[in-house]
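User: I have a structure open here and want to go through it piece by piece. Can you take my questions as they come?
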Amino acid sequence: MSQKVVISVKDLKKNYGSFEAVKGISFEVFQGEIFGLLGPNGAGKSTTLEIIETLRKKTGGEVWVDGLNIDRQPEKIKQIIGVQLQSSGFYPGLNLMELIRLFSGLYNQPVDAAELLRMVNLEDKAHSKFKALSGGQKQRFSIATTLINKPRIIFLDEPTTGLDPQARRNLWDLIKDIRAQGTTVIITTHYMDEAEILCDRVAIIDEGRIIALQTPDKLIDDLVAAGFEKPKEVKQANLEDVFIHLTGRTLRAE
Ligand code: ADP
């Protein structure tokens, strides 16, 4: 089965002064994929994402987003992608419904605010202010804002960092729902369990280079085939399983 390429990055380079933050990386993302960018802090993930999002200038290489060239058609690219807004843009005086209507006006894109809040399970919070939300609710709202312009591709930068185990699982379900509606998702995360569960393929970036690009399954199988063994016997459960077993999957702070 041939898959449609929605993002194509070729020999992308980014220098900050004389420092080479991204050293010529190439990869493709397929339509409908959840694609993970993994790597240690400083590897060049955010730089790469922000270049694709048209928010940062590249030093070299080529990028296409849904067939649009990043140098020639950046405005068209902005129209078909969804990027998480900084929470500083969430005017404190407005409630969630009003914020969505505001952004919808800014994007010149009519949106059913109640329906969007329902999709991210925040219909009960329609009249609350952003600052009154729990960490998980804030992330769900932030993800909702990426969907306002009905994008073909959304970018999520560490969406579950700092969330409790229930809220993380809840967000995984939301991300899967968004993908099920046909949206391609590019995500960065430092949680490898999350990448393993969510991502169809992951690129591992280190010091500005892609050092692996595969399905999580294949990467694990290759490591095992190369003779890797865990230093101790693996138990049938881990502490996170205990936590979820004891406290359930129901969201708190609702
Ligand atoms: P990651 O998202 O993987 O943590 P970044 O893309 O944020 O990595 O950063 C890659 C490297 O580029 C880091 O060494 C970082 O310090 C450097 N860097 C990022 N942004 C700038 C900037 N605006 N000016 C100078 N150096 C930067």
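User: Where does Thr189 sit?
Analyst: Thr189 is in the loop between strand 8 (184–188) and helix 7 (192–198). Keep in mind that this is a predicted model.

User: Is Thr189 buried or exposed?
Analyst: Thr189 counts as buried, because its relative accessibility is 3% and the cut-off for buried is under 20%.

User: What does the side chain of Thr189 contact?
Analyst: A polar atom of the Thr189 side chain lies 2.9 Å from the backbone nitrogen of Tyr191. The Thr189 side chain also makes a polar contact with the side chain of Glu194, at 3.0 Å.

User: What else is Glu194 linked to?
Analyst: Glu194 belongs to a network of salt bridges together with Arg168, Arg169, Asp193 and Glu240.

User: How many salt bridges does the structure hold?
Analyst: The structure holds 14.

User: What is the partner of Glu33?
Analyst: Glu33 forms a salt bridge with Arg201, and their closest N and O atoms are 2.5 Å apart. Glu33 lies in the loop between strand 2 and strand 3 (34–38), while Arg201 is in strand 9 (residues 201–206), so the pair ties together parts that are 168 residues apart in sequence.

User: Are Glu33 and Arg201 buried or exposed?
Analyst: Glu33 is buried, with a relative accessible area of 5%. Arg201 counts as buried too, at 15% relative accessibility.

User: And what about Glu115, what does it pair with?
Analyst: Glu115 forms a salt bridge with Arg118, with the closest N and O atoms 2.9 Å apart. Both are in helix 4 (residues 113–119), and because they are 3 residues apart there, about one helical turn separates them. Glu115 is partly exposed at 38% relative accessible area, and Arg118 is partly exposed at 44%.

User: Which residue does Lys13 bridge to?
Analyst: Lys13 forms a salt bridge with Asp11, the closest N and O atoms being 3.5 Å apart. Lys13 counts as partly exposed at 37% relative accessibility, and Asp11 is partly exposed at 38%.

User: Switching to the ligand. Which residues are around it?
Analyst: The residues around the ligand are Tyr16, Phe19, Ala21, Pro40, Asn41, Gly42, Ala43, Gly44, Lys45, Ser46, Thr47 and Arg56. By type, that shell divides into 5 nonpolar, 5 polar and 2 charged residues.

User: Which backbone atoms lie by the ligand oxygens?
Analyst: A backbone N or O atom of Gly42 is 2.7 Å from an oxygen atom of the ligand. For Ala43, a backbone N or O atom lies 3.1 Å from a ligand oxygen. A polar backbone atom of Gly44 is 2.9 Å from an oxygen atom of the ligand. On its own the ligand has 570 Å² of accessible area, and the protein covers 59% of that.

User: Which element gives the most to the shell?
Analyst: Helix 1 gives the most, with 3 residues. Strand 2 (19–30) and helix 1 (45–52) each supply at least two residues of the shell.

User: How many residues of helix 1 are buried?
Analyst: 6 of the 8 residues of helix 1 are buried, so the helix is largely enclosed by the rest of the structure. The buried ones are Lys45, Thr47, Thr48, Leu49, Ile51 and Ile52.

User: What is the phi of Lys150, and of Glu158?
Analyst: Lys150 has a positive phi of about 50° although it is not a glycine. Lys150 lies in the loop between helix 5 (135–146) and strand 7 (153–157), and at 51% relative accessibility it counts as exposed. Glu158 also has a positive phi of about 50° without being a glycine. Glu158 is in the loop between strand 7 and helix 6 (165–180), and it counts as partly exposed at 25% relative accessibility.

User: Last topic, the surface. Which residues form a nonpolar patch there?
Analyst: Tyr91, Leu102 and Leu106 form a nonpolar patch, with about 310 Å² of accessible area together. Tyr91 is in the loop between strand 6 (81–83) and helix 3 (96–106).

User: How exposed is Tyr91?
Analyst: Tyr91 is partly exposed, with a relative accessible area of 47%.

Conventions:
Residues are numbered from 1 along each chain as its sequence is written. This is a predicted model: local features need pLDDT of at least 70, side-chain atom pairs count only at pLDDT 80 or more; totals for chains, interfaces and linings use all residues. Side-chain values use heavy atoms; hydrogens and water are left out. A residue is near a molecule or strand if one of its heavy atoms lies within 4 Å of it. A polar contact is a pair of N or O atoms within 3.5 Å; within protein, one must be able to donate a hydrogen and the other to accept it, and residues adjacent in sequence count only if both atoms are side-chain atoms. Accessible areas come from the Shrake-Rupley method with a 1.4 Å probe; for residues, only the protein chains shown count as cover. Helices (H or I, at least four residues) and strands (E, at least two) are DSSP runs, numbered from the N terminus. Ala, Val, Leu, Ile, Met, Phe, Trp, Tyr, Cys and Pro count as nonpolar, Asp, Glu, Lys and Arg as charged, and the others, Gly among them, as polar. Patches are made of residues with over 30% relative accessible area and no salt bridge: like charges are joined within 9 Å, nonpolar side chains (Val, Leu, Ile, Met, Phe, Trp, Tyr) within 5 Å. A salt bridge is a side-chain nitrogen of Lys or Arg within 4 Å of a carboxyl oxygen of Asp or Glu. Buried means under 20% relative accessible area, exposed over 50%, partly exposed in between (1.4 Å probe, protein chains only).
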